[in-house]
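Biologist: Before we begin, could you take me through this model slowly, and set each label against the rule behind it?

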Amino acid sequence: MLQGISVALMAVTVVASSVAFADEGGAVEKGKAVFTEQKCKICHSVGGVGNPKGPLDDVGSKLTAAEMKQWLQNPKEMADKAKLSRKPPMKSFATLPAADQDAVVAYLQTLKKK
């Protein structure tokens, strides 16, 4: 019985997160705009546009929202953790307003292989 309740709660959580994600109030579009404003395509590409050395086309399938936020706030720490070295290293966006960081993360979460 308890196991059935856990499964039901997990299903409700998944549905609620999907609804919340779909109802972001324009966060994805705002994130796309911030991505452009911050000139992220100098180092990264999406859909073949930008620097091909840093493709982000499938990042939404590979990283959680928390990990993406860590990349924005602590890129050196995350690169060390992932054993990645790239020149120049990614700059920190920790000073970017939290709402803009969250919007970029919302946008990046949509980038999944089709």
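**Labels and the values behind them**

Modeller: Let us start with K39, which sits in the loop between α2 and β1 (45–46). Please keep in mind throughout that this is a predicted model.

Biologist: What makes K39 exposed or buried?

Modeller: K39 has a relative accessible area of 55%, and a residue counts as exposed over 50%, so K39 is called exposed. Its phi is near 60°, a positive value in a residue other than glycine. Most residues other than glycine have a negative phi.

Biologist: Where does K83 lie, and why is K83 called exposed?

Modeller: K83 lies in the loop between α5 and α6, and with a relative accessible area of 75% against a cut-off of over 50%, K83 is therefore exposed. The phi of K83 is near 55°, again a positive value in a residue other than glycine. P88 is also found in the loop between α5 and α6, and a cis peptide bond, with omega about -10°, joins K87 and P88. Most peptide bonds are trans.

Biologist: How do you know how many disulfides the structure holds?

Modeller: The structure holds zero disulfides. For C40, the nearest cysteine sulfur is that of C43, 8.4 Å away, and a disulfide needs two cysteine sulfur atoms within 2.5 Å, so C40 is in no disulfide. The conclusion for C43 is that it is in no disulfide either, with the sulfur of C40 as its nearest at 8.4 Å. As for accessibility, C40 is buried, with a relative accessible area of 15%, whereas C43 is partly exposed, with 29%.

Biologist: What makes the pair of F35 and Y107 stacked or edge-to-face?

Modeller: The count comes to one aromatic pair. The ring centres of F35 and Y107 are 5.5 Å apart, which meets the limit of within 6.5 Å, and their planes stand at 65°, which is over 60, so the pair is edge-to-face. F35 lies in helix α2 (residues 27–37) and Y107 in helix α6 (residues 98–109), so the pair ties together parts that are 72 residues apart in sequence. Both F35 and Y107 are buried.

Biologist: Which residues of α6 are buried, and how far does α6 reach?

Modeller: The buried residues of α6 include D100, Q101, V104 and Y107. With 12 residues, α6 reaches 16 Å from its first C-alpha to its last, close to the 16 Å expected at 1.5 Å a residue.

Biologist: How much space lies in the largest pocket, and what lines it?

Modeller: About 1,100 Å³ of space lies in the largest pocket. Of the 38 residues that line it, the closest to its centre are H44, W71, L84, R86 and M90. Two or more lining residues come from each of α3 (59–62), α4 (65–73), α5 (75–82) and α6, and α5 gives the most, with seven residues. By residue type, the lining divides into 22 nonpolar, four polar and 12 charged residues.

Terms used: Residues are numbered from 1 along each chain as its sequence is written. This is a predicted model: local features need pLDDT of at least 70, side-chain atom pairs count only at pLDDT 80 or more; totals for chains, interfaces and linings use all residues. Side-chain values use heavy atoms; hydrogens and water are left out. Buried means under 20% relative accessible area, exposed over 50%, partly exposed in between (1.4 Å probe, protein chains only). Rings of Phe, Tyr and Trp (its six-membered ring) pair if their centres lie within 6.5 Å; planes under 30 degrees apart count as stacked, over 60 as edge-to-face and the rest as tilted. Helices (H or I, at least four residues) and strands (E, at least two) are DSSP runs, numbered from the N terminus. The expected span of a helix is 1.5 Å times one less than its number of residues. On a 1 Å grid over the protein atoms alone, a cavity is a set of points where a 1.4 Å probe fits but cannot get out, and a pocket is an open set with protein on both sides within 12 Å along at least five of seven lines; lining residues have an atom within 4 Å of a point. Grid points are joined across faces, edges and corners, and a volume is the space filled by probe spheres set on the points. Ala, Val, Leu, Ile, Met, Phe, Trp, Tyr, Cys and Pro count as nonpolar, Asp, Glu, Lys and Arg as charged, and the others, Gly among them, as polar.
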